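Have your viewer ready, and let's take a short walk through this model together. Each stop tells you what to select and what is there.

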Amino acid sequence: MATSVPLPLFDGGTQNKGGAGLRQRVFVFVILALGLLAAGFVLNNHLRAAREKKAMAGYAALMAAEELSVAQVAAYLDEHINAVSKEKAATMVLGLEAVQQANLAWWQQRYEDEELQMNLIEIYGGQWSPQGIIERAQARVGNGKLQELLQETIENGYKVETAEGQYFPVIDYTFYRRYHAAVPPEMAAYLELMAVESEQPPAKDAALVIGWDEILRRAANQERFLRTYGTPARGGEAGDGQGQGYGYRTVIAQAVRELFKRYLRFALYGCDNTPLFDYWTKEMNPKARRAYEEYLSQADDGEFSAQIKGYLNVLAENDYRLTPAVEAYREKVLSAW
């Protein structure tokens, strides 16, 4: 009788062949999936580039128009700014700002009407409030043309300011906050610096209307902007830190530099009606001195802080009075910028 041989529980060779086949199928699937992902990525980039090209072409055509309102440009940006890169969005926003600046004189002429000025005296209030002034124009003046003008002013990104008894429009940089998320951080920071200025101007009627501490704080923020974003405080092409220059950075660096120089003059001289030194005694304003000392107790290591520290050192050596030595120091600092 033949002896039976027990069969193996499984065929190792068959299993190995099956495992190899499975691994091959998984490998093919992974390759196909990666290929589809890559193709989708390429297609998405192509479509995004096409949308950006179309948006920028439309923007260029719009900006080439002979007569162009701020509202028209803003409407285009609102619709298309998210279709372009942050750098190109910054260029578009600067174009909007340029249109605002170019149209500002015309807008100010519209406010020179004597009857309009009298109506604004009645409804303006303590400070600018878009909603408030429209409501007061409707309730107290009942002048449809005035309401229309004020609404158009707001829609074009202006606000009404007052100085020396006159009312006139200026650029309202809070209008640009809608674009902060679409532009690079340095552009958003620039717009916010300018918004601080439009919300509360530093001087009116040749007098400071903000405190000495605020003058120093704003100047320090402006100089910090120039340092933070790789934009040299004294000229030079701005870049992204990787050897790539962007035109918008040069523009905003120059604008902030000019703003900083204005504040540096405030810090060193004051204003005609708010001088840093008494015209008769030549003594430093005591409130300013306290503000400067407090500022230096917590200031950063920026160049502006170093210059204010040097200024106070010279002042201490001259009994905090305006002397030829103090005059020479502040002229040297100002000319360096």
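Next, show the whole chain as a cartoon. You will find twelve helices and six strands. Of the 337 residues, 40% are buried. Contacts between residues at least 6 apart in sequence include 62% that join residues at least 24 apart.

Now colour by pLDDT. The chain averages 86, with 84% of its residues at 70 or more. Select residues 12-63, helix α1, which has the lowest mean among the elements, 73. Then jump to strand β6, residues 274-275, where the mean is the highest, 97.

Where pLDDT is low, the predicted coordinates should not be read in detail.

For the last stop, select helix α3, residues 86-110, and pick out Gln100 within that helix. Is Gln100 buried or exposed? Its relative accessibility is 0%, so Gln100 counts as buried. Display the side chain of Gln100 and look for Gly157: a polar atom of that side chain is 2.7 Å from the backbone oxygen of Gly157. Leaving aside residues up to four places away in sequence, Gln100 touches Val70, Asn156, Gly157, Tyr158, Ile171 and Tyr176.

Key: Residues numbered from 1 in each chain as written. Predicted model: local features only at pLDDT ≥ 70, side-chain atom pairs only at ≥ 80, totals over all residues. Heavy atoms only, no water. pLDDT = per-residue confidence, 0-100. Helix = DSSP H or I, 4+ residues; strand = E, 2+ residues; numbered from the N terminus. Buried < 20%, exposed > 50% of the residue type's maximum accessible area, 1.4 Å probe, protein only. Contact = heavy atoms within 4.5 Å. Polar contact = N/O pair within 3.5 Å; in protein donor to acceptor, adjacent residues only side chain to side chain.
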